[in-house]
Amino acid sequence: MKLLGRKLLEPLRGLDAETDRWLDSWASELTRATWKALPDVRQQFPKAFIDKEGIYRFRVAARQEQIEVGFSFPLGIAIINGLRND
């Protein structure tokens, strides 16, 4: 999938080495994914959860922050919508 909105992850960069490694690994997995539907996301990331219709939240490493991501499966696009801290 094409991953859009990576600039929104910048506040997390440089906080610590574990977070940086997690972000790099997570982004790499998303860009290599060939998901066709929401259950495909859940299969690869069982700890992720749906916040709203089609919006997944991914907890960042052992941190409180979560990344909100929307998907357009027909277009093969994942869009980072923002960060949450709750």
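Asp 24 counts as partly exposed, because its relative accessibility is 44%; on this scale buried means under 20% relative accessible area, exposed over 50%, and partly exposed in between, with a 1.4 Å probe and protein chains only. Before I go on, a word on what we're looking at: this is a predicted model, where local features need pLDDT of at least 70 and side-chain atom pairs count only at pLDDT 80 or more, while totals for chains, interfaces and linings use all residues. Residues are numbered from 1 along each chain as its sequence is written, and side-chain values use heavy atoms, with hydrogens and water left out.

So, which residue does Asp 24 meet in a salt bridge? The partner is Arg 13, at 2.8 Å from N to O. A salt bridge here is a side-chain nitrogen of Lys or Arg within 4 Å of a carboxyl oxygen of Asp or Glu. The pair links distant parts of the chain, with Asp 24 in helix α1 and Arg 13 in the loop between β1 and α1, 11 residues apart. Helices (H or I, at least four residues) and strands (E, at least two) are DSSP runs, numbered from the N terminus. Arg 13 is partly exposed too, because its relative accessibility is 31%.

Let's stay with α1. Its buried residues are Thr 19, Leu 23, Trp 26, Ala 27 and Leu 30. They sit on the same side of α1, because they cover an arc of only 95 degrees around the axis, taken from the directions from the helix axis to the C-beta atoms. As a reminder, an α-helix has 3.6 residues a turn, so residues three or four places apart point the same way. What do the buried residues of α1 pack against? They pack against β1 (2-4), β3 (55-59), β4 (66-72) and β5 (77-84), with contact meaning heavy atoms within 4.5 Å. On the face turned away from that buried side, you'll find the exposed residues Arg 21 and Arg 32.

Now back to charges. The whole structure has 4 salt bridges. In one of them, Glu 68 pairs with Arg 84, their closest N and O atoms 3.2 Å apart. Glu 68 counts as buried at 10% relative accessibility, whereas Arg 84 is partly exposed at 26%.

Last stop: Glu 65 and Arg 63 form a salt bridge at 3.0 Å between the closest N and O atoms, and a network of salt bridges links Asp 16 with both.
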